[in-house]
Amino acid sequence: MAEMISEATLADAASLRRSPAAQLAEAFAAAGVAGERGVALREIPFLTQLGLRAVPGSAAAASVEAALGFPLPSGHGSTTAGGGYTVLWIGPDEFLAVGDESTAGLDRGPAEAGRLAATLGEPGSRVPGAVVDLSANRTTFELSGPSARLVLEKGVSFDLHPRSFRAGQAIVTVLDHVPVLVWKTGEETFRVLPRASFADHVGRWLVDAMREFSAPEVH
């Protein structure tokens, strides 16, 4: 009989985890700029992320919404939130539920994916839909400050001006040829979610794009 893995063992294993951009922590801190042209960059690793597939208006969507306690987003750019999650619209029947920062590092993904998937029914009679733990699939970078939008505009072709992209919205786009999610969480705060395999490239690109704002502005 296989030995049970203790909670202490799991905790020790979790402490050994290394985030996709851990090697860039010092570079991120050094790249920060204060003042009117200020911008800061940090990684928020290990957020719970759940991939959801459900056709809006279907039984699967209703089941997932009941388990979450709030509706799924209704269209491109939209998000909904509650119960410790924000759900980002990815496609007509595809969504990403991202856990709050307070739960980062708790490794809740497998249990939460199982909880939501159970609402779809038993194998053999399950309604069409899916819930998958994607917590290890992407990391999260947070860019904040007065110049945060200007940094992103160097590599994102989507119109990020507040008239077109408001706080609370999120889009699937490309940053320097890399597919990412860009989520505006505040008036001067953006989260960029690249796949883990692109984290080093995207992180270094952001640091380079921030350099301009550390130099005195020439009038």
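This is a predicted model: local features need pLDDT of at least 70, side-chain atom pairs count only at pLDDT 80 or more; totals for chains, interfaces and linings use all residues.
A pair of rings is described by the distance of the centres and the angle of the planes. The count for this structure comes to three aromatic pairs. In one of them, the ring centres of Phe28 and Phe141 are 5.6 Å apart and the planes stand at 90 degrees, so this pair is edge-to-face.

In soluble globular proteins, nonpolar side chains tend to be buried together. Here the largest nonpolar core has 30 residues, and those with the most contacts inside it are Leu41, Phe141, Leu143, Val151, Leu152, Leu175 and Leu206. Which elements give two or more residues to this core? They are the helices H2, H5 and H6 and the strands E7, E8, E9 and E10, and the largest share, seven residues, comes from H6. If we take Leu143 and leave aside its neighbours within four places in sequence, its contacts include Leu41, Val151, Leu152 and Leu206, and also Phe190 and Met210. A second, separate core holds 19 residues, among them Leu50, Leu52, Ala117 and Leu120.

Let me turn now to the charged side chains. Side chains of opposite charge can pair when their charged atoms come close. How many salt bridges does a search of the whole structure find? The search gives 12, and I will go through three of them.

In the pair of Glu101 and Arg42, the nitrogen-to-oxygen distance is 2.9 Å. Glu101 is partly exposed at 35% relative accessibility, and Arg42 is partly exposed at 33%.

Arg53 and Asp93 meet in a salt bridge at 3.1 Å, N to O. Here too distant parts of the chain are linked, since Arg53 sits in strand E2 and Asp93 in the loop between strands E4 and E5, 40 residues apart. Arg53, at 39%, is partly exposed, and so is Asp93, at 25%.

Arg115 and Glu112 also form a salt bridge, at 3.1 Å from N to O, but this one is local, both residues lying in helix H4 three places apart, or about one turn of the helix. Arg115 is partly exposed at 37% relative accessibility, whereas Glu112, at 10%, counts as buried. Beyond individual pairs, salt bridges that share partners join Arg42, Glu101, Glu142 and Arg191 into one network.

Arg191 also lies over the face of Trp183, at 5.5 Å from the ring centre. A further arginine, Arg17, has its charged end over the ring of Phe46, 4.1 Å from the centre of that ring.

I will finish with a polar residue, Thr80, which is found in strand E3, residues 79–82. Is Thr80 buried or exposed? Its relative accessible area is 18%, and because the limit for buried is under 20%, Thr80 counts as buried. A polar atom of the Thr80 side chain lies 2.7 Å from the backbone oxygen of Pro71. Apart from neighbours within four places in sequence, Thr80 is in contact with Phe70, Pro71, Leu72 and Pro73, and also with Tyr85, Thr86 and Val87.

Conventions: Residues are numbered from 1 along each chain as its sequence is written. Side-chain values use heavy atoms; hydrogens and water are left out. Helices (H or I, at least four residues) and strands (E, at least two) are DSSP runs, numbered from the N terminus. Buried means under 20% relative accessible area, exposed over 50%, partly exposed in between (1.4 Å probe, protein chains only). A polar contact is a pair of N or O atoms within 3.5 Å; within protein, one must be able to donate a hydrogen and the other to accept it, and residues adjacent in sequence count only if both atoms are side-chain atoms. Contact means heavy atoms within 4.5 Å. A salt bridge is a side-chain nitrogen of Lys or Arg within 4 Å of a carboxyl oxygen of Asp or Glu. A nonpolar core is a set of buried Ala, Val, Leu, Ile, Met, Phe, Trp, Tyr and Cys residues joined through side-chain atoms within 4.5 Å. Rings of Phe, Tyr and Trp (its six-membered ring) pair if their centres lie within 6.5 Å; planes under 30 degrees apart count as stacked, over 60 as edge-to-face and the rest as tilted. A charge sits over a ring if NZ of Lys or CZ of Arg is within 6 Å of the ring centre and within 35 degrees of the ring normal.
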